[in-house]
Amino acid sequence: MKPTLLERRAQKLHLATGIPWAQALKRSRELVPSAPLIPNAQPSQAVLESCLLNGIAWPQSDPRNPWGIRFLEPRPDSLIVTFEEQQRGAHDGSLTQDLIQAVIPRFDEYGEVHGIPGARVTVHGEGVLIRRIGKPGSVIIRGVSAEDWTAALAVQQEANDKHGMTYCHDLSPHEWHRTELPYREPREDTTSGRHHRKMVTSAWLASGLLRRAPLLRTIGVPLSTTAWTNPARNGGCSWIIEYIHEPRVQEPLHHHGFINLLTDPECGLPITTTALRCHCHWLPESYSVCWFDARGVNGRLGTLQVRFSRRSGDKLEDYADEPEDYHARRKLYRQIPSHLMWRSTTRTAGTSRGGGCPADAYNRRHASS
Ligand SMILES: [Zn+2]
């Protein structure tokens with residue numbers, strides 16, 4: 001039976017944020033039909049989320065979900081992030097340890113700050129509440145117990161002692177520590193704040209990606225998700241995401257459905273695709289990466305590249321060495337319903353010529369090259 005408009009919107013919200021189906025349906029029902037399904041973060045909130053993504057973008061603990069995130073509940077001035085269960089105890093290499101390193105600000109002997117500058121944390125029954133001193137906005141981390149958090153803090157304290165680092169909150173619990181001040185926007189033009197300023201101009205993009213992290217799972221089975229930034233040519237930051245995955249649907253659908261929803265007017269980002277490099281038609285052993293590039297619209301600074309690095313056949317052997325982990329990852333894949341795979345009226349920019357899927361059009365143009 002054809003899904004209703006409400007069900008279609010709930011499906012998009014479910015896929016993009018990972019929230020349970022009943023919750024997605026309830027949330028969609030509360031919204032007026034023209035409202036975006038995932039609100040943009042307010043500026044200060046976006047900066048906080050940008051700092052968080054920057055910190056968790058390259059996890060050491062090898063979580064199963066992209067960056068360890070099971071689902072998110074985004075609001076304009078807050079974000080609740082539910083992380084997956086710990087696969088190991090609170091020791092070096094745990095997801096909680098990754099989060100401590102990403103969040104808790106500390107400075108080294110050169111005065112360089114690691115973690116989220118200005119962030120102070122409260123642990124309570126609802127989760128770990130993160131706020132930046134004097135700034136609106138908050139992030140709540142769920143899925144991590146208070147015991148795990150406290151234990152991981154102690155482990156990090158040992159690392160701090162070993163590497164000459166100090167928690168900012170130890171010296172300045174209620175004010176920004178002097179080492180954090182260059183990161184308090186608006187701020188003076190200082191060297192240490194320069195990269196942060198680029199991050200701030202592109203915070204909308206990082207926040208938007210974080211809020212849609214579970215959407216990556218529609219590309220294929222998550223094997224490894226990493227991200228990093230470079231300076232963008234149009235100003236701001238360029239975010240690069242590498243999603244190593246096992247495709248579960250016929251190529252090239254494994255990435256086009258994702259692109260379709262990431263640019264969807266109801267649940268997507270305010271971006272436009274600037275390039276698409278699809279090598280799905282090549283022999284599997286010849287190339288295993290496709291990618292697409294996008295940039296912000298309406299004056300938003302920053303660019304994005306998502307790399308669809310696929311593993312199949314022999315290339316999967318390394319992952320199948322740990323069968324329990326591999327099978328748990330396979331369960332995380334989310335297939336996009338066929339009616340959400342393509343948009344009949346809106347083609348991906350730069351790939352719009354010809355009928356059929358954007359990759360078909362791209363491949364026709366490059367068949368002889
Ligand atoms: Zn492809």
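Visitor: Which residues of H3 are buried?

Guide: A word on the model before the list. This is a predicted model, in which local features need pLDDT of at least 70 and side-chain atom pairs count only at pLDDT 80 or more, while totals for chains, interfaces and linings use all residues. Residues are numbered from 1 along each chain as its sequence is written.

Now to your helix. The buried residues of H3 are Gln-45, Ala-46, Val-47, Leu-48, Glu-49, Ser-50, Cys-51, Leu-52, Leu-53, Asn-54, Gly-55 and Ile-56. Buried here is a matter of counting: 20 or more other C-beta atoms lie within 10 Å of the residue's own, whereas exposed is 12 or fewer and partly exposed falls in between, with C-beta atoms placed from the backbone. That makes 12 of the 14 residues of H3 buried, so the helix is largely enclosed by the rest of the structure. The labels come from DSSP runs, numbered from the N terminus: helices are H or I with at least four residues, strands are E with at least two.

How far does H3 reach? From its first C-alpha to its last it covers 20 Å, close to the 20 Å expected at 1.5 Å a residue; that expected span is 1.5 Å times one less than the number of residues.

Most residues other than glycine have a negative phi. Asp-62, though, has a phi near 55°, a positive value in a residue other than glycine. Trp-67 also has a positive phi, about 55°, and is not a glycine either.

Their surroundings are another matter. Asp-62 has 14 C-beta neighbours inside 10 Å, so this residue counts as partly exposed. Trp-67 is buried, because 28 other C-beta atoms lie within 10 Å.
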